[in-house]
Amino acid sequence: MDYREKTVIVTGAANGIGRCIAQTYASKGASVVIADIDTVGGNKCLDEIASLGGRNIYLKTDVSNPGEIENLFKKVEKDYGTLDILINNAGVSRWKSPYELSVEEWDDIINTNLRSVFLCSREAARLMRSGGGGSIVNIASTRAIMSEPFSEAYAASKGGI
């Protein structure tokens, strides 16, 4: 498939699955927005895809922060004018017993993995609507249906997706 003239945001693109997704879209000609809290990994991903075409950028974004999500989409609208694809991939976990997991850690996992999907999707849909449409892909996990010990918050967030 040819993604030239397409703009793609990939959250959690600094490492792992997100990085592979960003690289694949860039290799197909898309302009990729790498949205991640990890500055080192985000810039490394940007360097890796720089020669693949497109207008690729890294934007430091903490998707657990609604203000940073709003800023991400404002910047994309300003710089690209439209958005064609959103990949909601960002995620965190804490491998702890529910007896040991703090409320703050629970909230961080839920806000990063689940609430961010709602907030990013809402902002993307607004931008896509003005551009004639687009696609939103939400990355969940098999943990959503087959949790394992010490992954309860992660499993709850992925089940919510």
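This is a predicted model: local features need pLDDT of at least 70, side-chain atom pairs count only at pLDDT 80 or more; totals for chains, interfaces and linings use all residues.
Let us start with strand β1, residues 7-11. Helices (H or I, at least four residues) and strands (E, at least two) are DSSP runs, numbered from the N terminus. Five of the five residues of β1 are buried, so the strand is largely enclosed by the rest of the structure. Here buried means under 20% relative accessible area, exposed means over 50%, and partly exposed is in between (1.4 Å probe, protein chains only). Both faces of β1 are covered, with T7, I9 and T11 buried on one side and V8 and V10 buried on the other.

β1 also has partners. Two strands pair if DSSP finds at least two bridges between them. With β2, β1 pairs in the parallel sense over five bridges, and V10 has I34 of β2 as its bridge partner. To get from β1 to β2 the chain passes through α1, and this β-α-β crossover is right-handed: with the strands pointing away from the viewer, the path from the first strand over the helix to the second runs clockwise. β1 is also joined to β4 by three bridges, and these two strands run parallel. There, I9 stands opposite L86.

At 10% relative accessibility, N89 counts as buried. Leaving aside residues up to four places away in sequence, N89 touches T11, G12, I17, G18 and I139, where contact means heavy atoms within 4.5 Å.

On a 1 Å grid over the protein atoms alone, a cavity is a set of points where a 1.4 Å probe fits but cannot get out, and a pocket is an open set with protein on both sides within 12 Å along at least five of seven lines; lining residues have an atom within 4 Å of a point. Grid points are joined across faces, edges and corners, and a volume is the space filled by probe spheres set on the points.

The largest pocket has about 390 Å³ of space. Its lining has 24 residues, and G12, N89, A90, G91 and V92 lie nearest its centre. α1 gives the largest share of this lining, three residues.

The largest cavity has a volume of about 30 Å³. Helix α5 (residues 152-160) gives the most to its lining, with three residues. Among the lining residues are R94, L101, F150 and Y154.

Most residues other than glycine have a negative phi. F150, although not a glycine, has a positive phi of about 70 degrees. F150 lies in the loop between β5 (135-138) and α5, and is partly exposed, with a relative accessible area of 41%.

Methods. Residues are numbered from 1 along each chain as its sequence is written. Side-chain values use heavy atoms; hydrogens and water are left out.
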